Amino acid sequence: MSELKRTPLRDFHATHGARLVDFAGWEMPVQYRSILEEHKAVRRAAGLFDVSHMGEVDVRGPEAGRFLNHLVTNDVAKLFPGRVLYTPMCYPEGGVVDDLLVYMRGADDYFLCINAGNIEKDLAWIRGQAANFRVTITDRSADYALLAVQGPVAAALVQRLCPTPLDGVKYYHFTSGVVAGVSCLISRTGYTGEDGFELYHAAGEAVGLATALLEAGRPQGLELAGLGARDSLRLEAGYPLYGHEITAEISPLTAGLGWTVKLDKGADFVGRAALQAEKQAGSARRVVFFRTGDRRIVRADTPVLDATGAAVGRVLSGTLSPILNEAIGSALVPAASASQPLAVDIRGARVPLHVVKPPFVPLKKS
Amino acid sequence: MSNIPDGLRYAKSHEWLRPESDGTVTVGITDYAQSSLGDITYVQVPKVGATFQAGEVFGVVESVKAASDLYAPVAGTVVAVNAALDAAPETVNRAPYTDGWMMRLKPADPAAAAGLLDAAAYAQVIG
């Protein structure tokens, strides 16, 4: 445990009663008082998440846009300054290196947010792909802290602490501004399915900003929320998590993220040929989302059974939806099985999986 | 700090046992156990009439984090179970020694509870 990395808010979390765990090599708060209660607070009012472990990368230079359109599957050419893009980046075989957000700050100036557990792998991959482009790639992960304020009252809360009007900053847009005296990149994005902002700021300002947000938000019902609630919120929203729904072996098409793969964007990109072939032939496997009507959690890696009891797939993510009060999850199954009866065995009991299209709950994001 | 009431008996596997005046014993899990598990989402209790040996699995407690077996601290026959946990498993987090009880046993050996840990000894187990 001695080698765990810490965000600037590690002691802030401990002071606020967090249970700190090893998450992808980071000492992070999994919960403060209750994963279920923190989850409900985000759906009801707001939650404050420290996600400073995420990685940040500057991509700058005259060919920055052209390079990124080669690197990722979505269409970076559609961006304009102030616009954010969600996209996978893939291996030539079509599997996913990581999923990320691409921020366009200016014509030659982009900013990436990548998963904490993938920072080193991604940087090596991105630099390897950049060899033939006039582009400078800078790891900024240690410079930035990142706080996510998510929930129905989150946007109004951030606005009260920020002189810049934020009404015009729509979903998947961003602006620069000062929140509680701290300069931020203010991004209307999130991983909960709720409205809200993600605030990128200098690591040294994190404790001050978190304290100000918590004090201002508490009267409205804002609570500190840990990575446990972050995971159940994202699953309830139907969002993929790298390492579960998308991996080096699970392509974005298999994962149901076809909308992020722009085969006809007018630029070749890493993985394009493999993804085009998969699209033409039809994906052999599919990521499906399920609910069970039962409170017993269906854990990741549980075999998925067909009507004869034969194992045809496996569970990728599973939790209890605190809103539905039943087990929900995702599974990887043969495409032909996705419309057939599926079940899992939980301690000797056959529990049917009801395949549904996420989100599992109505979402209020703008 | 975990709450370890005096007057109960404890198993190393983190169940508590309370001798009742009618000769039965009530069984649940300790404050330390519920705190370690985190949010409890499901409790599988046995059927009334089931019999268990000491140390035998009598049920399962699930949290967001994991599923854990429950072990009978003494041998006996189930005379009652806490059916309310089916709809409200979080009761075990809130009140592990009272409303969060799991089952009542008629012990095979009325003296068996004496072989379990007392509060001081259990406190040493969880350090």
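The crossing of H2(A) and H7(A) is right-handed, a term used when the near helix is turned clockwise from the far one by less than a right angle, the anticlockwise case being left-handed. This is a predicted model, in which local features need pLDDT of at least 70 and side-chain atom pairs count only at pLDDT 80 or more, while totals for chains, interfaces and linings use all residues. Residues are numbered from 1 along each chain as its sequence is written, and chains are lettered from A and ligands numbered from 1 in the order in which they are written.

Helices (H or I, at least four residues) and strands (E, at least two) are DSSP runs, numbered from the N terminus. The axes of H2(A) and of H7(A), the latter covering residues 227-237, come within 8 Å and cross at roughly 60°; such axes are lines fitted to C-alpha atoms, for helices over the stretch in contact, with angles from 0 to 180 degrees between N-to-C directions. The two helices H2(A) and H7(A) are therefore oblique to each other, given that angles under 35 degrees count as roughly parallel, over 145 as roughly antiparallel, 65 to 115 as roughly perpendicular and the rest as oblique. On the H2(A) side the contact is made by A:Ile35, A:Glu38, A:His39 and A:Val42, and on the H7(A) side by A:Gly228, A:Ala229, A:Ser232 and A:Leu233, where two residues are in contact if their C-beta atoms, placed from the backbone, lie within 7 Å. These residues divide into 4 nonpolar, 3 polar and 1 charged; Ala, Val, Leu, Ile, Met, Phe, Trp, Tyr, Cys and Pro count as nonpolar, Asp, Glu, Lys and Arg as charged, and the others, Gly among them, as polar.

The two chains are set out below.

Chain B follows the pattern β-β-β-α-β-β-β-β-β-α-β-α along the sequence. With 127 residues, a compact globule would have a radius of gyration near 14 Å, and the 13 Å of chain B agrees with this; the radius is taken over C-alpha atoms, and the globule rule is 2.2 Å times the number of residues to the power 0.38.

The contact between the chains takes 11 residues from chain A and 7 residues from chain B. On the side of chain A that touches chain B, the elements giving two or more residues are helix H2 (35-44) and strand S16 (311-321) of chain A, and by class this side has 4 nonpolar, 4 polar and 3 charged residues.

A:Asn118, found in the loop between strand S7 (109-114) and helix H4 (119-129) of chain A, is buried, with 20 other C-beta atoms within 10 Å. Leaving aside its neighbours within four places in sequence, A:Asn118 is in contact with A:Asp98 and A:Tyr242. A:Asp11, which lies in helix H1 (residues 10-15) of chain A, is exposed, with 11 other C-beta atoms within 10 Å.

Key: A residue is buried if 20 or more other C-beta atoms lie within 10 Å of its own, exposed if 12 or fewer, and partly exposed in between; C-beta atoms are placed from the backbone.
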